[in-house]
Amino acid sequence: MAGHRTKGTPLVADRRYGASTASRPPPPPKKPNRNRKPAQKPRRGLFSRLFAWIGRLIWAVVWRVSLVIGLILSGFVFYFYQQLPPVSALLDGRAKGSVTLLDRNDTVFAWRGETFGGQITSDTVSPFLKDAVVATEDKRFYQHFGVSPRGIASAISINLAAGRGPLEGNGGSTITQQVAKLLCLGTAYDPKQWKSEAAYEDDCRSGGVKRKLNEIPYALAMEVKYSKAEILTIYFNRAYLGAGARGFEAAAQRYFGISANQVNPAQAAMLAGLLKAPSKYAPTNNLQRAQDRANVIVGLMQDQGYLTKAQADEARAHPAQLSEAAQTKSGGFFADWVMESAPDFLTSTTTEDVIMRTTLDQNMQKQAEEGLAFVFDTKITAGSKAQAAIVVMSANGAVRAMVGGRKIAAAGSFNRATQALRQTGSSFKPFVYAAAMDMGWSPSDFVEDTPLTINIPGSGPWSPDNYDHKFKGLITLTEALQESRNVPAVRVAEAVGRDAVRTVAQGFGIESSLAAGPALALGASESTLIEMTGAYAGILNGGSSVTPYGLEELKLKGEADSLMGAGGGIGERVISQQAAGLLTYMMSRVVAEGTGARAKLADRPAAGKTGTTSSARDAWFIGFTGDYVCGVWIGNDDNSPLKNVTGGTLPAEIWHEVMTRIETGAPVTELPMILPDVRVAPQNLGASLASGAAPRDQSGTASQPLMNPSDNQVEALLREIFGKKQ
């Protein structure tokens with residue numbers, strides 16, 4: 001049976017092993033059944049069909065609304081695009097100019113108005129500054145197209161979490177949107193429409209939905225019109241960064257004294273930190289707060305890969321510091337005073353950038369401030385409300401330093417050196433003796449220091465007294481000034497004539513109204529410290545008047561021609577050089593052995609005069625070396641009396657501290673003084689006057705006693721004593 005196979009159907013095993021069917025003919029195609037109905041899809045429910053219809057409706061509305069919004073947005077974008085000017089026209093948008101003040105060495109020490117440091121670009125600033133700004137304000141700046149939905153959503157979330165409205169506080173604005181605000185969406189400032197430029201800018205920076213909707217097309221238009229680098233350039237030039245600095249170049253110069261292309265990571269972080277709140281974080285207002293804010297920025301720069309850990313640690317370990325001028329706010333009172341010396345249209349209301357070269361010496365300014373602070377810190381009770389002022393000037397009236405008050409920081413504060421009219425006291429006496437010296441008298445001439453009463457028409461008898469309530473009899477004019485004796489000063493003034501004294505004082509620059517009565521000699525009149533210091537400068541320069549000045553030259557930035565020159569200097573002669581030399585000798589004795597002994601300098605001669613008014617409301621010391629004149633005043637703003645203060649105490653000590661610092665290391669310049677001849681006191685007449693007896697006339701008959709003399713009697717008597725030259 002093996003191998004036997006019957007005829008019939010092949011074994012099924014052939015199929016299992018994939019037997020080929022190629023030899024078999026294909027099966028005939030089936031004929032379609034024309035009567036068969038197609039298969040039907042299962043019918044959906046009513047709700048399914050309803051939801052599908054609603055979805056199609058919503059989609060139809062959404063894409064149509066989106067299309068309309070897109071077309072409208074495109075229209076606005078195109079409109080703004082057409083309005084946008086070249087980048088160069090957008091870099092300086094200030095409505096007013098600025099004033100930059102230079103010291104005697106042409107170094108910037110102060111600014112007024114909004115300064116613009118000059119046009120910079122995002123390619124020329126320090127890379128650290130560019131990175132700091134992007135890291136702080138818009139870390140996705142290079143990825144978005146002007147608007148960041150993610151940033152807006154994040155800001156809304158932060159605001160809601162803080163309990164604020166969705167658009168109150170953080171706005172989620174990109175740098176491009178911030179630039180749109182800085183440009184006020186292309187609306188220029190119109191002084192006729194706005195109350196002030198500040199009001200205009202506040203409106204430009206206001207928030208709200210409407211403002212955001214306006215910013216979006218403008219920002220998109222800017223992204224189309226300008227490159228990212230150009231948008232940053234506009235931002236770097238127009239951002240306000242506190243202390244009157246507009247743009248990062250001006251801010252870098254103002255705070256650090258360098259250009260924006262030189263700032264290091266710590267400085268860059270501090271500048272970028274100002275963008276959030278310029279006035280709050282300005283380092284001139286609070287350096288520590290500005291440094292703390294900068295540390296936050298350094299952290300952001302490190303997190304985003306702009307700084308390595310080593311660079312970030314270095315920036316934190318060595319935070320940015322202010323330049324010397326910014327740190328000390330050098331010359332604030334001086335700057336205000338100099339600004340007043342030029343017309344408003346070139347200073348406070350200028351539309352141009354103005355450069356003012358001045359007489360200020362920043363080293364002397366610092367030394368004056370340090371000298372004042374030292375005395376108040378070491379000699380005055382803590383909490384004292386006493387105020388002080390200092391003026392330092394050259395003999396030609398050029399003001400080198402000015403302190404208008406202590407613990408005063410704000411620009412525009414009341415300047416006690418130039419604005420405070422106070423009684424001069426005995427600091428006025430040099431003008432009395434100047435008149436006498438100019439009439440030919442000598443410091444060696446004698447005057448009676450004895451009781452004196454003068455009948456003043458309309459007022460009655462007036463009896464001046466000395467500070468110590470004592471009388472010394474017959475003394476020289478030098479001794480009278482040296483010890484600041486009141487009675488001799490009155491006698492001399494009455495002898496030379498009050499008009500002569502007024503003429504000398506006014507000639508030296510005392511412009512205030514001078515007293516009409518005999519109290520003129522004792523400084524009953526009022527004056528300012530700068531007037532008095534300028535008058536003493538006239539004594540130092542040999543007897544010529546000076547007009548105190550601080551302006552050397554004024555010109556527009558970038559221009560070579562000057563618009564104004566020096567605002568003062570030496571004027572007409574007031575007293576002879578001989579008289580000035582003799583008076584200088586007398587004043588040197590005040591410092592060497594008299595009431596001004598505390599002002600004495602260790603290495604050089606000095607001359608000066610103390611002054612204390614009635615009830616000690618004002619205390620003065622004004623004096624000079626061969627190089628400079630320095631005036632010091634102390635008093636209370638409410639005109640209340642000082643406690644245990646005279647011109648020979650604190651003012652003289654302040655003068656000593658200031659001038660010691662100023663003159664340290666300088667060659668000694670001798671005082672321009674003339675030594676007088678020695679004279680012998682008139683024995684008979686002097687004894688007669690000292691004893692209270694009346695002088696005798698040419699016939700030997702005794703005249704009326706001078707216990708209550710008239711003005712003419714006093715003048716006649718003193719003419720006889722001094723042998724006055726006509």
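Predicted model: local features only at pLDDT ≥ 70, side-chain atom pairs only at ≥ 80, totals over all residues.
Let us begin with helix 15, where Phe-333, Phe-334, Ala-335, Asp-336, Trp-337, Val-338 and Met-339 are buried. By buried I mean under 20% relative accessible area, with exposed being over 50% and partly exposed in between, for a 1.4 Å probe and protein chains only. Helices here are DSSP runs of H or I with at least four residues, strands are runs of E with at least two, and both are numbered from the N terminus.

Residues are numbered from 1 along each chain as its sequence is written, and side-chain values use heavy atoms, with hydrogens and water left out.

What covers the buried residues of helix 15? The covering elements include strand 1 (98-102), strand 2 (108-113), strand 5 (354-358), strand 7 (399-403), helix 21 (529-540) and strand 15 (551-556).

Strand 1 and strand 5 run parallel and are joined by 4 bridges. Within that pair, Val-99 has Val-354 in strand 5 as its bridge partner.

I turn now to the nonpolar cores, each a set of buried Ala, Val, Leu, Ile, Met, Phe, Trp, Tyr and Cys residues joined through side-chain atoms within 4.5 Å. Which residues touch the most other members of the largest core? They are Met-356, Phe-431, Tyr-433 and Val-492, in a core of 79 residues. Leaving out residues up to four places away in sequence, Met-356 touches Val-99, Thr-100, Leu-101, Leu-102, Val-338, Met-339, Ala-342, Thr-347, Leu-551, Glu-553 and Leu-554; contact means heavy atoms within 4.5 Å. Apart from this core lies another, of 64 residues, with Val-134, Ile-231, Ala-239 and Ala-282 among them.

A second open sheet has 5 strands in the order 7-6-19-18-17, with antiparallel pairing. From one strand to the next, the twist averages 5 degrees. Strand 17 pairs with strand 18 (residues 618-624) in the antiparallel sense over 6 bridges, and Lys-609 has Ile-622 of strand 18 as its bridge partner. Helix 23 (residues 650-663) packs on the sheet, touching strand 6 (387-394), strand 18 and strand 19 (628-635). The direction of helix 23 makes about 145 degrees with that of strand 19; axes are lines fitted to C-alpha atoms, for helices over the stretch in contact, and angles run from 0 to 180 degrees between N-to-C directions.

Two loop residues deserve a word. Arg-604 is found between helix 22 (577-593) and strand 17. Is Arg-604 buried or exposed? Arg-604 is buried, because its relative accessible area is 6%. Its side chain makes a polar contact of 3.0 Å with the side chain of Asp-603. A polar contact is a pair of N or O atoms within 3.5 Å; within protein, one must be able to donate a hydrogen and the other to accept it, and residues adjacent in sequence count only if both atoms are side-chain atoms. A polar atom of the Arg-604 side chain also lies 3.2 Å from the backbone oxygen of Pro-667.

The other residue, Gly-523, lies in the loop between helix 20 (498-507) and strand 13 (526-527). Gly-523 counts as buried, at 2% relative accessibility. Gly-523 and Thr-424 are 99 residues apart in sequence, yet their C-alpha atoms are 4.9 Å apart in space.

Finally, I come to confidence. The chain averages a pLDDT of 84, and 83% of the residues score at least 70; pLDDT is the predictor's confidence in each residue, from 0 to 100. Over residues 1-23 the pLDDT stays under 50, and the model has 1 contact beyond four places in sequence for that stretch. Residues 717-726 also have pLDDT below 50, with 27 contacts in the model beyond near neighbours in sequence.

Terms used. Pairing = 2+ DSSP bridges.
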